[in-house]
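Reader: I have not seen this structure before. Please take me through it in short questions and answers.

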Amino acid sequence: AMLGFGARLSVRRGATTSSFSRISAQKRGFHNAFSPTLGLGEEDKHVYELAHDFAQTRMAPFASTWDQEESLPVDVLKAAAELGFGGIYVREEVGGSAMGRLQASLIFEALSTACVSTTAFLSIHNMAASMIDNYGTNEVREKYLPDLCSMEKMASYCLTEPNAGSDAASLKTKAVKEGDYYYLTGEKAFISGGGHNDVYVVMARTGDDSSKGISAFLIPKDAEGLSFGKKEKKMGWNSQPTRAVIMDKCKIPASHLLGKEGQGFVIAMKGLDGGRINIGACSVGGAYSCMKAAKEHVQVRKQFGKELEHLQSVQFKLAEMAIKVHSSRLMIRSAAQLLDEANPDAKVTCAMGKKFATDSCFEVVNDALQLFGGYGYLKDYPIERYLRDLRVHQILEGTNEIMRVIVAGSLMKEE
């Protein structure tokens, strides 16, 4: 049996804290006011430090290679799972870590300081695993979750379709029940892990054309009638494969329905609330790394007879970057805390945090690239990879235009 997260953290705490302190002393170069652990309690600090130490040792040295070779680092993901990062929200009796949304945001922020793309893949796997844990039967949970938590198997989330993006409730994939089986027909687009992953959480229509006609299903990779499109060539997120998921009378046991018929859209949207926090946290981690790199660069780069750090315009640019990273971090963590508390207003705070963090942090990375000048445009330096990886965060988990729709709708409601 896997150790619970608390036990794993205790085992590693001594080594992790000392190695993290060493990394801090050698590489961070920031005053405590800009530390990602500012204001965190001791346990949450240790969660961040554990993830950050792993990111710097197991991810950062190889992230550029994964990007260029378009390779998914399966061994590294399995190693992350040994720390409890494969089933972050999943209950402990099936191998999960039973953590909350705030601690998850700390993990994804810390891991993204090294590789945004791989971390985002991990966040989607966790979202799908939590849906299976929350809505699957005990039989299904016990069959699939131990392997998902160890990342011996990996999971994808399938909502978007070629003609159902922002208008997710208009999806056309159909599920028909015949006896003890469901048969699903339709196509899902832009699926992270498509063709590679072992488990697919799929939203399909069992009822009318409204959002209440949608149900959620678990489809194993070996299901009859399941196939995949070509591997997409993408601007970023290259360490994870993306393909269409195609179902042609795809046959699954009726027990693989998650929740009840008609509950699928609610399940999907609840998942996206957490997904928005996670993708915002990934943006914060990436932006923090780029801000740090830009600060170090301007301290050594000389023009006009002195280091760039002495120019007030450069100092002001770095100050703006620091403000954006800090503000984004606070909004994401606040939304995560409200989600942990099941606050009825969590949905809108998740939307605000996602929109603000993904926009602001992309600007930070773009500003970092500008401070690097021509060097920032070269693949010898990591800034351009962060830029490519962060750009899609303004589109997925609900576009930032849809985030405005959610915020405006809440804003205009009467008390």
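Reader: Is G374 buried or exposed?
Author: This is a predicted model, in which local features need pLDDT of at least 70, side-chain atom pairs count only at pLDDT 80 or more, and totals for chains, interfaces and linings use all residues. Residues are numbered from 1 along each chain as its sequence is written, and side-chain values use heavy atoms, with hydrogens and water left out. Buried means under 20% relative accessible area, exposed over 50%, and partly exposed in between, with a 1.4 Å probe and protein chains only. The relative accessible area of G374 is 55%, so the residue is exposed.

Reader: Where does G374 lie?
Author: Helices (H or I, at least four residues) and strands (E, at least two) are DSSP runs, numbered from the N terminus. G374 is in the loop between α10 and α11.

Reader: Is V405 buried or exposed?
Author: V405 belongs to helix α12. The relative accessibility of V405 is 54%, so V405 counts as exposed.

Reader: Is H46 buried or exposed?
Author: H46 sits in helix α2, residues 42–59. Its C-alpha lies 9.9 Å from that of L106, 60 residues apart in sequence. Because its relative accessible area is 14%, H46 is buried.

Reader: How many disulfides does a search of the whole structure find?
Author: A disulfide is taken as a pair of cysteine sulfur atoms within 2.5 Å. The sulfur of C149 has its closest cysteine sulfur in C158, 19 Å away, which is too far for a bond. For C290, which is in no disulfide, the nearest cysteine sulfur is that of C361, at 9.9 Å. The number found in the whole structure is 0.

Reader: What is the relative accessible area of C290?
Author: C290 counts as buried. The value is 0%.

Reader: Which residues do ring pairs link into a cluster?
Author: Rings of Phe, Tyr and Trp (its six-membered ring) pair if their centres lie within 6.5 Å; planes under 30 degrees apart count as stacked, over 60 as edge-to-face and the rest as tilted. The whole structure holds 5 aromatic pairs. The cluster is made of F372, Y375 and Y381.

Reader: Which ring has R101 over its face?
Author: A charge sits over a ring if NZ of Lys or CZ of Arg is within 6 Å of the ring centre and within 35 degrees of the ring normal. R391 lies over the face of F362, at 5.9 Å from the ring centre. For R101 the distance is 3.9 Å, and the ring is that of Y89.

Reader: How much space lies in the largest pocket?
Author: On a 1 Å grid over the protein atoms alone, a pocket is an open set of points where a 1.4 Å probe fits, with protein on both sides within 12 Å along at least five of seven lines, and lining residues have an atom within 4 Å of a point. Points are joined across faces, edges and corners, and the volume is the space filled by probe spheres set on them. The lining has 36 residues, with T160, F190, I395, L396 and E397 nearest the centre. The space is about 1000 Å³.

Reader: Which residues are closest to the centre of the second largest pocket?
Author: This pocket holds about 520 Å³ of space. Its lining has 20 residues, and the closest to the centre are R101, K270, G271, D273 and L339.
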